Structure formats: structure tokens, C-alpha cells
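Here is a brief report on one protein chain. It moves from the fold as a whole to a handful of individual residues.

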Amino acid sequence: MGKNQHVTPSKDGGWQVKGENNKRATAKTETQAEAIKIARDIARNQESELFIHGKDGKIRERDSYGNDPFPPRG
């Protein structure tokens, strides 16, 4: 399982994709939609989780592309 991917606002006003605990962004984009597409592809390839943050920095959505238990608990 690879690193979880985070889509977060960047300081320059755009959006960035960062692997968990990485200091540098993997990709920078102008729109959140572009960043989500890139991060989703990476998460699928690495079988990891995707965390989408809002402009306030809080997680607003998440998707899992790893080894999820089936059927889901709960």
C-alpha cells in the first residue's frame, strides 16, 4: 500500500497534491478538480486513500482505493 494522497489549497491560491508526510507537492494545479483527478489516479495506482480538503484545510471528502474489508463494518 502506497502513501495516502491529500488535495489541499496551496499558498499561491491554487491547489496541490501531496503524498502523506511529503514536504513537497507532487503536483500543483489551478483548480481543485484538476488536483483531485491527479490525486485519484495516484491513489488508485498505489492502492491508498485520497483525502480532499476544502479551502479551510479541513477534510471534506475521502475515498479509499486500498484493501477495504468486505462487507464493510458498521
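## Exposure and a predicted model

A residue counts as exposed when its relative accessible area is over 50%, and as buried when that area is under 20%; anything in between is partly exposed. Asn21 has a relative accessible area of 75%, so Asn21 is exposed. The model discussed here is predicted.

## Overall fold

The protein chain holds 1 helix and 5 strands. Along the sequence, these elements follow the pattern β-β-β-α-β-β.

The chain has 74 residues, and 35% of them are buried. Its accessible surface is about 5300 Å². Carbon and sulfur atoms account for 47% of that surface. Take the contacts between residues at least 6 apart in sequence: 32% of these join residues at least 24 apart.

Gln16 sits in strand 2, which covers residues 15–19. Is Gln16 buried or exposed? Its relative accessible area is 14%, so Gln16 is buried. Beyond its neighbours within four places in sequence, Gln16 touches residues on both sides of it in the numbering. His6, Val7, Thr8, Pro9 and Ser10 are in contact with Gln16. Ala25, Ala27 and Lys28 are in contact with Gln16 too.

Asn21 lies in the loop between strand 2 and strand 3, the latter spanning 27–29. Asn21 is not a glycine, yet its phi is positive, at about 70°.

## The loop between helix 1 and strand 4

Helix 1 covers 32–46 and strand 4 covers 49–53. Glu47 is found in the loop between them. Glu47 has a positive phi of about 50°, although it is not a glycine. With a relative accessible area of 42%, Glu47 is partly exposed.

Ser48 lies in this loop as well. Why does Ser48 count as buried? Its relative accessibility is 1%, and the cut-off for buried is under 20%.

## What surrounds Ser48

Which residues does Ser48 contact, leaving aside its neighbours within four places in sequence? Met1, Gly2, Lys3, Asn4 and Gln5 are among them.

The C-alpha atoms of Ser48 and Asn4 are 5.2 Å apart, although 44 residues separate the pair in sequence. A polar atom of the Ser48 side chain lies 3.0 Å from the backbone oxygen of Lys3.

## Glu61 in strand 5

Glu61 belongs to strand 5, residues 59–64. Its relative accessible area is 33%, so Glu61 is partly exposed. The Glu61 side chain makes a polar contact with the side chain of Arg60, at 3.4 Å.

Setting aside neighbours within four places in sequence, Glu61 is in contact with Arg40, Leu50, Phe51 and Ile52. Glu61 and Leu50 are 11 residues apart along the chain, and their C-alpha atoms are separated by 8.3 Å.

How values were computed
Residues are numbered from 1 along each chain as its sequence is written. This is a predicted model: local features need pLDDT of at least 70, side-chain atom pairs count only at pLDDT 80 or more; totals for chains, interfaces and linings use all residues. Side-chain values use heavy atoms; hydrogens and water are left out. Helices (H or I, at least four residues) and strands (E, at least two) are DSSP runs, numbered from the N terminus. Buried means under 20% relative accessible area, exposed over 50%, partly exposed in between (1.4 Å probe, protein chains only). Contact means heavy atoms within 4.5 Å. A polar contact is a pair of N or O atoms within 3.5 Å; within protein, one must be able to donate a hydrogen and the other to accept it, and residues adjacent in sequence count only if both atoms are side-chain atoms. Accessible areas come from the Shrake-Rupley method with a 1.4 Å probe; for residues, only the protein chains shown count as cover.
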